[in-house]
Amino acid sequence: GADFWQRLAKLSYGAYLLHPLVIVFFYCSQDQSLRYMDVTFVSNFITFVTLTFLAAFFLWLFVEKPAANLSAVLLGAIGGRKEVADA
């Protein structure tokens with residue numbers, strides 16, 4: 001159970017940063033005015049959460065993780081050790 005939460009925690013900050021972009025992009029691309037319906041609300045929520053965490057995963061995979069590895073290598077070279085950050 002704890003391993004699942006650690007993986008989710010690594011994505012949470014990226015999701016926090018990206019969720020406004022996902023929501024604004026979605027609502028600004030609408031041609032119609034917004035009408036509230038329970039089904040639409042739940043559907044949009046699930047869609048936003050899924051797209052946000054998917055985007056956060058790719059942000060972590062292609063930006064955060066390589067930067068952490070590079071930082072560990074550079075700091076290890078300064079200190080005389082070579083370490084790579086944990087996945």
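Me: Before we start, what counts as a pocket here?
Reply: A pocket is an open set of grid points with protein on both sides within 12 Å along at least five of seven lines. The model discussed here is a predicted one.

Me: How much space lies in the largest pocket?
Reply: The largest pocket holds about 200 Å³ of space.

Me: Which residues line the largest pocket?
Reply: The lining consists of Phe-26, Tyr-27, Gln-30, Gln-32, Ser-33, Leu-34, Arg-35, Met-37, Thr-40 and Asn-44. Helix 1 and helix 2 are the elements that give two or more residues to this lining.

Me: And by class, what does the lining have?
Reply: It has four nonpolar, five polar and one charged residues.

Me: Turning to the helices, at what angle do helix 1 and helix 2 pack?
Reply: Helix 1 (residues 2–28) and helix 2 (residues 38–79) pack at about 125°, and their axes are 7 Å apart. Helix 1 is therefore oblique to helix 2.

Me: Is the crossing left-handed or right-handed?
Reply: The crossing of helix 1 and helix 2 is right-handed.

Me: Which residues make the contact?
Reply: Helix 1 contributes residues including Leu-8, Leu-11, Phe-26 and Tyr-27, while those from helix 2 include Asn-44, Phe-48, Trp-60 and Glu-64. By class, the contact has 16 nonpolar, five polar and two charged residues.

Key:
Residues numbered from 1 in each chain as written. Predicted model: local features only at pLDDT ≥ 70, side-chain atom pairs only at ≥ 80, totals over all residues. Heavy atoms only, no water. Axes fitted to C-alpha atoms, helices over the stretch in contact; angles between N-to-C directions. Helix = DSSP H or I, 4+ residues; strand = E, 2+ residues; numbered from the N terminus. Parallel < 35°, antiparallel > 145°, perpendicular 65-115°, else oblique. Left-handed = near helix turned anticlockwise from the far one by under 90°. Contact = heavy atoms within 4.5 Å. Nonpolar A, V, L, I, M, F, W, Y, C, P; charged D, E, K, R; others polar. 1 Å grid on protein atoms, 1.4 Å probe; cavity = no way out; pocket = protein on both sides within 12 Å on 5 of 7 lines; lining within 4 Å. Points joined across faces, edges and corners; volume = space filled by probe spheres on them.
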